[in-house]
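Morning, everyone. Please have a look at the structure on the screen, and then we will walk through it piece by piece.

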Amino acid sequence: MPQLFTRSTNTLARLSIAVVILLLGLGGWLFLELNRSPFVTQAFVAREQPVQFSHKHHAGDDGIDCRYCHTTVETTATAGMPATKTCMNCHSQLFANSPYLEIVRDSWRSGKPIKWTRVHDLPDFAYFNHSIHVNKGVGCSTCHGQVDHMPLMWNTSSLQMEWCLECHRNPEKVLREQKDITSMDWRPPADQAEKGKELARKYNIQPTRVLTSCSTCHR
Amino acid sequence: MSHRDHHDDIAPIRENIRKGINKNGKKEFWRSLEELADTERFREFLHREFPAVNPSEADPSWLDPVGRRNFLKLMSASLAFAGLTACTNQPKEHIVPYVKTPDGLVPGKPQFYATAMPLGGVASGLLVESHEGRPTKIEGNPSHPASLGGTTVYEQASILNLYDPDRSQTPLKLGNPSTWGEFLNELNTYLNGAPEKQIEGQRAKQGAGLRILTETITSPTFADQMNKVKAAFPQMKWHVYEPASRDGARVGAQMAFGQPVNTVYQFDKADVVLSLDADFLTNGPGSVRYSRDFINRRRLTGGSNEMNRLYVVESAMTTTGAKADHRLPMRASDVEAFARAVASAVGASGAPPASLSGDAAKFAEAVAKDLKAHNGKSIVIAGEHQPASVHAIAHAINAALGAPGATLYYTDPIEINPVDQIASIKDLVNDLNAGKVELLVIIGANPVYNAPVFEGGQTGQTFLDAMKKSPMRVQMGLFNDETAANCQWHVSETHYLEGWSDARAYDGAVSIIQPLIQPLYNSKSPHELLAAMLDQGGAASHDIVRDYWRTQPQLSGNFDQNWKQSLHDGLIANTALPSKTFGLKSDLNASIKPATPGKYEIVFRVDPSVHDGRFSNNSWLQELPKPITKITWDNFVFISQNTADEIQLNPNAEPHKGAAKMIRLVNEGLHPLEMPVWVQPGHPDNTVTVYLGYGRERAGNVGNGHGFNTYAIRNVNTPFIAAGNVRLEKAEGEYRLASTQEHFNIDASGIDVRAYIPERDDLIDRHIIRTATLEEYKKAPEAIKHRGHTPGEETTIYPPWNYKDAETVDGRDAPLYNWGMAIDMNACTGCNACVVACQSENNTATVGKEMVFRGRVMHWLRIDTYFRGGTANPQVFFQPMMCQHCENAPCETVCPVNAAVHDAEGLNLQVYNRCVGTRYCANNCPWKVRRFNYLLYGDWDTPSLKLARNPEVTVRSRGVMEKCTFCLQRIIAGKIEAEKQNRFVQDGEIQTACQSACPTEAIIFGDIGAKSNPVGQPPQTRVAKLKAEPRNYQMLAELNTRPRASYLAAITNPNPELEGADHAKSGEKHG
């Protein structure tokens, strides 16, 4: 009976095992990368909104402080989406007849709220609290990016758990003074390593093992 | 399930059961008769965390038609595709802000409003949590005298009633949807007449044909409106009826003082308490306050060695009896003779003496002696269902002991119309039968279901028969219930969280009932209905209540300011009724007619879960294990072993609740009723007790068809105690009762498993329950702690828990807490309020009777009930049991996916998103506190139920393990608030849901050490102080898991004179 396999088949067999492992690894890596990509996370994808509201115009050009509209960002879990009344505070006078604002005026007249599309959508199992971050020196732009450059809103980060943990493991990297909290062009100073530690002491930032406990965000 | 049906086998076992010992002759504490008998079902539940249910026992509708092979095929296919679901984006979500944010509302921050819930007309003060305008959680109002922060199960569960999708949603005319306006037109026709329809108006007849039927009312506004209705219709009659009528107290006061009187007890001033069949700790007005006051006198914390003493004579095992230092089981109709014996022994005037024999005589003698020795420091309280004479005698005893003014005081009645309610509804039925009633208006009552059977015919007359004789019937109620279905008009009523009203508390203090939400449906409040009868059909309940109080002196002056203050406080100042003195009538003796007991008797009590049936459609309450029996979803017949034997029930079989025997209850002259039997240790002989509130036909999807309608065997002349013509007969068939008493057995300690202690090379008893008498405790306080075995720090391969702030980075002063809990078993009254509070706070699902039967109940917190002694009169101990948050948690080491983990502050966490449902953790938990979602138990679709959920807690789905988190959401909220202010969390700032609901402060949560307890300093927090008490012990400490929850032993204060007369010793005597 002739031999079915030559000696070279051994090499092929070994090689094929290696190739399969590599392919599996590649597949896994691709899957993970895909999962992190804006294709899945929707990062840097501007969302359509019912009203063409521009943060670039309001926060950038007009220089309105974040907290004028997002009033509860320092006190509660949610930053607070402005009520129609907040819009009308100015727009009953300014651009009072602009067709772009018809939806706002209609909401004001009819009492029906405006239905915005959520941009920063955390999984429901994560319980995020704005107030504790803002009070402890994590500024708006750290998570939301330079909002004053965004005509329509997009998220600049994946909002995935690994991204949260980057800071929860090393909060010193992003801490800033309270006066800079809403500053859009804040960049970590050269001595952030020093400064961050000092701020962490000042703010009584909890130890890393508390910040990285599951219970800090999940319940 | 095998039954040992031979008499030879079973006889010795049954003999042991009577003595409260197992077949090995050992057993101090036991949980069920099955445990003593060591049945197969008990062993299954003991040894397996997830007991298998014999298919022959299961409800056939639950048997899966899909075979195992097919199931596996389907599962493998689903598994193969499961990974793909990760590759999707999250669905688009919207943010919908307000148009104009309401004043004071901060989105994301819950608000609390003060209000009150009336039950049986009597208010209990509440603070209700509201998220963006929807009430989600009930808390007690700490500044309300009836609550002091505590609540009952009814108040906790009432939030679910608000969102009940089966509630009546619109006015109905002959069962068809109609409108309020149309109803007003028709009402107007009947009040003012319509000659073209040949309807003579009631106004013209001065209301001679008008009858109004309500439940007990204490609302001053309602009273004011009713006076106006009476003025408009002078000949109209107002009848009052509800099943738990408290007639005995009302008529008893009439007998004793010649007028209706409200008694307010002050248990905080009493050293000796005698309960004459009164379940005052969990039932009736003021029970929450009474529990707190009573327990405060036996706390034994902070070095106190003082304790009050409670004697209970009772006709069924209640939680009050369970807390008794001496308990005497006695038939309800014998209590009167006992009361007279005590009365004559203490020298009370007006009660004819009685002769007792045996245990009762000795008991009465000792009690009387103890009462006399504590003149002015004692209370005698009679049970709600006891006849008027017992209440009258209790008044006489209290008078003789100098109690009025010292430990109790009298006021005018808090009810508006304090009538004998049974007489009142009898009167109504007579008028109906005589054809005198032309327009019957029923407000909030459901008499077609819950009225007793009246005289007439072979088997009595039902209320429905009589009611149909009124040509026009109107009912207002929360549900389209049995009465609504038989009235021409039904008007949907507002829930107390939807409409304005007011009500008095047990001491008369008035609370404004402030709604938290606009009516969900087209509902109206009773005030609006009465206004309609006064031709003010458009009046809103807010204006009616406010306009009434505008005229009252208590809020005069700056009315708007005072009104606001009253709403804020949840209480109108200076409205508690003043104390009054009433003289005992001299002819009391003549009016007391001794009871005439028969061979057997039936006692009717309101159900501890669904009350008189008004909470039938509340799944939290239906699934709430009733105190002592732990039965869910059903009512049943309490019977003693002796009486069960006498009527040949179950004579040769082991106790087995999976197949409860049936009994036929015959109350002569009424239709007999067949019901399942529950042999209750501690129940007196020759009497049975049944709960009201079951057997509903039109309660809703949850309540229909559960249990048996015991109103059908309730004779109007003997509504509470049917003695005399009563027969008990064995009936055919068996019935499945779903009791959680046999679930989650922690240990068979004393049966055959004891803990092996390597250091000692010995087996020790585990001492799950630790108790001592006050004398023993005083002699050797530390003995309790040393009863078990706590291994040393080094006997573990795990590093010890780091209590210090070692991780404080760079000298940062970061807070680090060590959360823990102390549970005082001496204070726990087993009232269940914590169980419902936990369910409400943590979005816990209910599972239904079949799943309960299989041991799959989802409660994170349960109250384990242990008995000690013979079955004739055992002692009872309550042990609230939830996740113990072990430092060396056994659940964590076995989880293959790291879903059970620890956090930095010592909490044992369950990460739902990691959990794959292996259930290893639950298998490895010695406390059996982990719960697995076998199915999607929660209702995720019904819109109104979504409103009831706590937005701060994840709603769990199928296939996930869950358990107590120590209310993690409250801990995080408290910590965030503190950290924002750069301070530590204050002691007491964070309260778990169970803690805040507890009427007696039995559960205390907090930081057990570290920052608040520097080395060498005494512990500062309340929980740390409790843990330093000598009574404190860790359960199953010998397992070395180092639980963060610990228990404080129960201490009893027995009277040396009654040594051996009851409790533990009585078993041997009767056995």
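How are helix 11 of chain B and helix 12 of chain B oriented to each other? One thing before I answer: this is a predicted model.

Start with the general idea. Two packed helices are described by the angle between their axes and by the distance between those axes. Now our pair. Helix 11 of chain B covers residues 335-346, and helix 12 of chain B covers residues 358-373. They pack at an angle of about 40°, with their axes 9 Å apart. Helix 11 and helix 12 of chain B are therefore oblique to each other. Their crossing is right-handed. Who makes the contact? On helix 11 of chain B, the residues are Phe338(B), Ala341(B), Val342(B), Ala345(B) and Val346(B). On helix 12 of chain B, they include Ala360(B), Ala364(B), Ala368(B) and Leu371(B).

Take helix 7 of chain B, residues 220-232, and helix 17 of chain B, residues 526-533. Their axes come within 10 Å and cross at roughly 15°. Angles under 35 degrees count as roughly parallel, so helix 7 of chain B is roughly parallel to helix 17 of chain B. The crossing here is left-handed. Among the residues that meet are Phe222(B) and Met226(B) from helix 7 of chain B, and His527(B) and Leu530(B) from helix 17 of chain B.

Now to strands. Chain B has an open sheet of three strands, in the order 3-4-5, with antiparallel pairing.

Another strand pair. Strand 10 of chain B, residues 262-265, and strand 15 of chain B, residues 408-411, pair in the antiparallel sense over four bridges. Val264(B) has Tyr409(B) as its bridge partner. In a regular strand, the side chains alternate between the two faces of the sheet. Check strand 15 of chain B: Leu408(B) and Tyr410(B) form its covered face, while Tyr409(B) and Thr411(B) form the uncovered one.

Over to chain A. Which residues of helix 6 of chain A are buried? This helix spans residues 102-110, and the buried ones are Val104(A), Ser107(A) and Trp108(A). They cover an arc of only 95° around the axis, which puts them on the same side of helix 6 of chain A. On the other side, Glu102(A), Asp106(A), Arg109(A) and Ser110(A) are exposed. Helix 5 (84-91) of chain A is part of what covers the buried residues. After helix 6 of chain A comes Gly111(A), with a positive phi near 80°.

Last stop, the interface. 43 residues of chain B are in contact with 41 residues of chain A. Strand 2 (94-95) and helix 30 (968-980) of chain B each supply at least two residues of chain B's side. Helix 30 of chain B gives the most to that side, with six residues.

Methods: Residues numbered from 1 in each chain as written. Chains lettered and ligands numbered in written order. Predicted model: local features only at pLDDT ≥ 70, side-chain atom pairs only at ≥ 80, totals over all residues. Pairing = 2+ DSSP bridges. Buried ≥ 20, exposed ≤ 12 C-beta atoms within 10 Å, placed from the backbone. Arc of directions from axis to C-beta. Contact = placed C-beta atoms within 7 Å. Axes fitted to C-alpha atoms, helices over the stretch in contact; angles between N-to-C directions. Parallel < 35°, antiparallel > 145°, perpendicular 65-115°, else oblique. Left-handed = near helix turned anticlockwise from the far one by under 90°.
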